[in-house]
Every structure is written in structure tokens, then in C-alpha cells.
Amino acid sequence: TVTGVQTCALPISGFLEDYASLMQALADVYSITMQRWCADAAFALADHVHENFRGESDPLYNFSSKLHPALFMPTVETYDNVIPSSNAAMANALYDLGVLCDRVDLTGRALHLLSAVRLGVVEQPAAFAHWTSLYFRAASNPLHISVSGAYTQDQLQTLLHTYDPNIYVSWHESNSSDLTISVCDRNSCLPPIRSFDDLFSYLR
């Protein structure tokens, strides 16, 4: 089941879109609170999906788990409509979680899913809107900013309010009296930055 809390007599099995939505929510909460249990719960969901939702059309996931009672017609969703397809939602959740937590296995899994629909993204972008969003984020080489040491909550909130879909922020408690800000892309990291003013100057 998706949740550990049951409010009914029998567990309700989740579909792929349920897992994707919960993983995305956990990644988003982790990015704001840095509560480790959010990341760990999202990792567990990602592992469960990879083990139980894969089908013959690998790397794409089936809509229902192999643990779920068989549907009349098993489906693999790729076309985005009013809401994202379940595979697109899962790919985005895996990518965000992977970048935020430095898990190259998860970002690789997301890009593997994206590669399975690359022709559709190019030829019919309106029908693959959520995939296209992931495509452009991945192509733009997102930055991961990691903050540790001496900082104030006001400084951190200012950074978090500097919205950019291609910037992922994490921070870590430390006993050090020195502020250290690391700015990395998928290939390399800048020399450590020692002040928020210097960081904001770089981001501008």
C-alpha cells in the first residue's frame, strides 16, 4: 500500500500515479524541511515501484503493480492529458529526488524513462507536456546548492524564495562556525562559496 496508515478494513493497493504523487510530495517536503525520513520514505517507494511495476515494456512502468489483482487490460501510460501520465509523473519524481539527494541511480532511471518516449516529445510535445518539462530541466543541467555551517534562517528563507526550477537546495546542520556553500552541476562543483552575498551575485 502507499501509506502506512489504514483507515479501512482492507488495504487499498496504489496505482503508479499514486506512488508518483506521494514520492513527489515527499521530495518537495524534504527540499523545504530536510527531514531525512521524507527522503528515506521516497527511496523505499521508488524501490517498491521498480520491483513491482516493471513489465514487458521496460523501462516504462505498468499502471498497476504485479501485486495488484489483475486488471482486465493492463496499461502503460505515456500520453499526458488533463493530468500527467503516470509514467511522466514517476519520471519527474525520480529526477527531482535523485538530483536533490545526489542519487545518480534515480536520475538515471528517470532519464531512461524519458528516453523511451523521446520521439513523442519531439514530434507531439502537446501530448507529452509533462515529459517535455522534464526534458528541458534535464537538458539545462540543473544546479544543486548545498549549505552547511553558520547560517541564519532568514538567509536560508531568502535562498528558498529565489525560485528557479533548475535549482535544487539542500542544507545540513554543522557545528562549524564557517559557512560553506557548494554549487554543483552534474559534472563539476565550483570552489566553496563563503557568503550568501557571493552566492546571490553568482546566481544573478
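1. A disulfide is here a pair of cysteine sulfur atoms within 2.5 Å, and by this rule the count comes to one disulfide. The structure under discussion is a predicted model, and the points below should be read with that in mind.

2. The disulfide is formed by C184 and C189, whose sulfur atoms are 1.9 Å apart, and this pair therefore falls within the 2.5 Å limit. The torsion about the S-S bond of C184 and C189 is about 105°, so the disulfide is right-handed.

3. C38, by contrast, is in no disulfide, because the nearest cysteine sulfur, that of C101, is 10 Å away and the limit is 2.5 Å. C38 is buried, with a relative accessible area of 1%. C101 is likewise in no disulfide, and the nearest cysteine sulfur to C101 is that of C38, 10 Å away. C101 also counts as buried, its relative accessible area being 16%.

4. As to the overall arrangement, the protein chain has eight helices and three strands. Read from the N terminus on, the elements run α-α-α-α-α-α-β-α-β-β-α. The C-alpha trace spans about 60 × 45 × 25 Å along its principal axes, and among contacts between residues at least 6 apart in sequence, 61% join residues at least 24 apart.

5. Turning to the interior, 42% of the 204 residues of the protein chain count as buried. The largest nonpolar core has 57 residues, and those with the most contacts inside this core are M90, L94, W131, I145, V147, I181 and F196. Helix α3, which covers residues 86-100, supplies the largest share of this core, namely 10 residues. In soluble globular proteins, nonpolar side chains tend to be buried together.

6. W131, which is among the residues with the most contacts inside the core, deserves a separate look. Leaving aside residues up to four places away in sequence, W131 touches L60, T78, D80, S85, N87, A88, A91, L113, L114, V117 and V121.

7. When residues up to four places away in sequence are not counted, D96 touches Q24, R137 and Y168.

8. N62 has its place in the loop between α2, residues 36-52, and α3. The C-alpha atoms of N62 and A39 are separated by 24 Å, the two residues being 23 residues apart along the chain. With residues up to four places away in sequence not counted, N62 touches L16, F53, R54, G55, T75 and V76.

How values were computed: Residues numbered from 1 in each chain as written. Predicted model: local features only at pLDDT ≥ 70, side-chain atom pairs only at ≥ 80, totals over all residues. Heavy atoms only, no water. Core = buried A, V, L, I, M, F, W, Y, C linked by side-chain atoms within 4.5 Å. Buried < 20%, exposed > 50% of the residue type's maximum accessible area, 1.4 Å probe, protein only. Helix = DSSP H or I, 4+ residues; strand = E, 2+ residues; numbered from the N terminus. Contact = heavy atoms within 4.5 Å.
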